[in-house]
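Me: Hi! Could you walk me through this fold, starting with the strands and then the helices?

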Amino acid sequence: LIHAVLHCLMKHAVREGILGKNPLDVIERPRTEQAEFQILNEEQCHQFLIAAADSPYEELYYLALTTGMRQGELLGLKWTDLDWNKSVLLVQRQLQRVEHEGVCLVPPKTKAGRRQIKLGQGILEKMKEHRLKQEQIKVASGDRWQENDLVFASTIGTPLDQYRLSHEFKKLIKNN
């Protein structure tokens, strides 16, 4: 970051005629180390799902672990993306936080991001249970419900808060 700021500053100085050449052009930018993801093994996944059984996000976690979908993809899922007859889930959009606009649904960044995921009978049963729970929440919410057709929605039908979901996930991981 320091290199990038200084490079930009020196580039501006060259444009203003203060320097003849940017001295940072000859200095290689330092590489940052990428943090390694910690992947849960089968036993850890099993323990996590047991711990998540009382969570309002239980089905979301289950779908995430069985499909490998990213958070934004999960939160962007609509019920119309689920083909019950073919047991297929279509990934067509993701929920993304956009500066000065809040959250919005956007297409995946790459063509490979748009994909079909084959679902097993177990996850289909979980999704049916989840849909029934959501219908009950919808009725209880009454006029406050905002229909967005989201698979994983708040108690009033709006997109789930990504920060709250991440916080809950980290809390479950830490406690198990």
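Me: Before that, what kind of model is it, and how are residues numbered?

Reply: It is a predicted model, in which local features need pLDDT of at least 70 and side-chain atom pairs count only at pLDDT 80 or more, while totals for chains, interfaces and linings use all residues. Numbering runs from 1 along each chain as its sequence is written, and side-chain values use heavy atoms, with hydrogens and water left out.

Me: Thanks. In what order do the strands of the open sheet come?

Reply: The open sheet has three strands, ordered β1-β2-β5, with antiparallel pairing. Strands here are DSSP E runs of at least two residues, helices are H or I runs of at least four, and both are numbered from the N terminus. Two strands pair if DSSP finds at least two bridges between them.

Me: Which are the edge strands?

Reply: β1 (82-83) and β5 (115-118) are the edges, each pairing on one side only. β1 is joined to β2 (residues 88-91) by two bridges, and these strands run antiparallel. L82 stands opposite L89 in β2.

Me: And how many bridges join β3 to β4?

Reply: Five bridges join β3 (residues 94-98) to β4 (residues 102-106), again in an antiparallel arrangement. L95 has L105 in β4 as its bridge partner, and V98 has G102. The two strands form a hairpin with three residues between them, and H100 in the turn has a positive phi of about 70°.

Me: Nice. Switching to helices: at what angle do α2 and α3 cross?

Reply: Roughly 165°, with the axes of α2 (residues 42-51) and α3 (residues 58-67) coming within 10 Å. Axes are lines fitted to C-alpha atoms, for helices over the stretch in contact, and angles run from 0 to 180 degrees between N-to-C directions. The two helices are therefore roughly antiparallel (under 35 degrees counts as roughly parallel, over 145 as roughly antiparallel, 65 to 115 as roughly perpendicular and the rest as oblique).

Me: Which residues meet there?

Reply: C45, F48 and L49 in α2 meet Y61, Y62 and L65 in α3, where contact means heavy atoms within 4.5 Å. By class, that contact has six nonpolar, no polar and no charged residues. Ala, Val, Leu, Ile, Met, Phe, Trp, Tyr, Cys and Pro count as nonpolar, Asp, Glu, Lys and Arg as charged, and the others, Gly among them, as polar.

Me: How many aromatic pairs are there?

Reply: Five in the whole structure. Among them, F48 and Y61 have ring centres 5.1 Å apart and planes at 70°, so that pair is edge-to-face. Rings of Phe, Tyr and Trp (its six-membered ring) pair if their centres lie within 6.5 Å; planes under 30 degrees apart are stacked, over 60 edge-to-face and the rest tilted.

Me: What about α3 against α5, which residues meet?

Reply: α3 packs with α5 (residues 121-141) at an angle of about 155°, with the axes 10 Å apart. E58, E59, Y62, L63 and T66 in α3 meet G122, I123, K126, M127, H130 and K133 in α5. These divide into four nonpolar, three polar and four charged residues.

Me: Last one: where does D149 lie?

Reply: D149 lies in the loop between α5 and α6 (162-175). Leaving out residues up to four places away in sequence, D149 touches L77, K78, W79 and T80. D149 and D81 are 68 residues apart in sequence and 9.8 Å apart in space, C-alpha to C-alpha.
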